[in-house]
Amino acid sequence: MLSQEETSKLKIGLEIHVQLTNLKTKLFCPCPSDYRGKKPNENVCPICLGLPGTLPQVNSKAIESAIAVCLAFKAKVQPYVAFSRKNYFYPDMNKNYQITQYDKAGGATIGIGGHVTISMDGERREIPFRRIQLEEDPGRLVHVEKGSVRKTYIDYNRAGIALVEVVTEPVMHQPKEARLVLEKIQTTLEHLGVLDPSFEGSMRCDANVSYAGGARIEIKNINSFREVEQALRFEELRLAYLPKLESNVTKRWGEKEGVTATSREKETEEDYRYFPEPDIPPILVDEKLVERIRRHLPELPDERLERFIRAYKLPEKLASILVMEKPVADFFEEALQFSNDPKEVAYWLTNEVVRRWRECDVDCRKSKFKPRNLAKLVNMVKEGALTPRMAKSVLWDVVLTGEDVEEYIERKGISIIRDPNMFKQVILKVLEEKPNLRENASKNERIIDFICGEVQKKLDGRADPIILRNEVKKLVEEED
Ligand code: ZN
Ligand code: MN
């Protein structure tokens, strides 16, 4: 860990590429945009293959989605938008240039500025954006290794998919901050309806980092938000403690090795020889269109957070965990149709259900466990039909199987124990094993709690907590 002074010298910026997964077709041609699971080079045409003599045609739905993205992050939508060519040679880039947007050299990106709000360590922070741009995705290299033979194939199905790129200002000081920004951008775009994050590779991130005004390191090839944080932590330490780098470099994050490795010297913007895309006329963005899109913006995470706090009286921290993932927030609201205790539902959902999903790598969008089932369980705990500990162990199974809670309980013969005589025997056993608990127990609430806990352990957490506590009190008082 770096000291606070050292941390403040660290500057992190992010470039986030997001596929507009709501679109049916690619950015400049009518090819279908659902390339996942398709045969290699099935979704291609002369335009996205970049054959000579073809002309790109801008997908107007992509422009509308990009405008919505700008508005969601309060970026200024530019009245005049022009595409540029970014020239570089790479096998996945069949034209030897990418059609993108650039805010210099005669180009104009769709959005300027904007920001995202995160809350970190109990504080709200605004991370400003530099620009938002629309561009095409390159193709994909597929590496195949058979014995000692390594081959690389090129699949152009992804070439030409519409991407929105968000470039933040390099103002983050901590790796964790970068992860929170990514999570917030993701949930915002999912609420907006332009991104389905369950599609693999639909949101990708490059991070750049510098220390004390030194050389800039760009880390590419980071697959998950957790890895962004790890890669940045690695660079943070290296930058602060090892000799300074001479020049800017591009690095690749090796997930398995847990280190970054230099892949090349970082190119400068000049190296890309940006110039206006001659095949696409500049676009004048109609203000009425922008207003219409603004009017139809759905509820976004920030507003939803405020509503959760206001309408359901949730603590801010709990509410922000819910809205960090749209499907979790949706699950919560659906469960409330069957329960009138928002706080308990939110608590059980974020603490138990989400934890279980994560542990077993279940995508909550595809979970068999339904909101109604969670509400049922919460209600049973409230009514005293289950102890919290029993409910946890029921959840453990049904979150994965989706089995109805009542059926599960019936099938397993699970029931709460309310028999005071049974408690008495177990309490005496606990006191026998730990005789020092007997002293002054009747006046010490913590010892009573402790005894209750020991009894619960012996009874698999099935003891009715109120009856048990009464029984413990009665017994220790008698003992005194
Ligand atoms: Zn095509
Ligand atoms: Mn880009």
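Select Cys29 to start: is Cys29 buried or exposed? Cys29 is buried, because its relative accessible area is 7% (buried means under 20%, exposed over 50%, partly exposed in between, with a 1.4 Å probe and protein chains only).

A quick word on what you're looking at: this is a predicted model, where local features need pLDDT of at least 70 and side-chain atom pairs count only at pLDDT 80 or more, while totals for chains, interfaces and linings use all residues. Residues are numbered from 1 along each chain as its sequence is written, chains are lettered from A and ligands numbered from 1 in the order in which they are written, and side-chain values use heavy atoms, with hydrogens and water left out.

Now show the zinc ion (ligand 1). The SG atoms of Cys29, Cys31, Cys45 and Cys48 coordinate the zinc ion at 2.3 to 2.4 Å (donors are N, O and S atoms within 2.8 Å of the metal, or 3.2 Å for Na, K and Ca; water is not among the atoms, so sites may look incomplete). Along the sequence, these donor residues follow the spacing C-x1-C-x13-C-x2-C.

Click on Cys48 next. Cys48 also counts as buried, at 7% relative accessibility.

Then jump to Ala105. Ala105 has a positive phi of about 50 degrees, although it is not a glycine. For background, most residues other than glycine have a negative phi. Ala105 is partly exposed, with a relative accessible area of 45%.

Last stop: Asp460. Asp460, not a glycine either, has a positive phi of about 55 degrees. Asp460 counts as exposed, at 55% relative accessibility.
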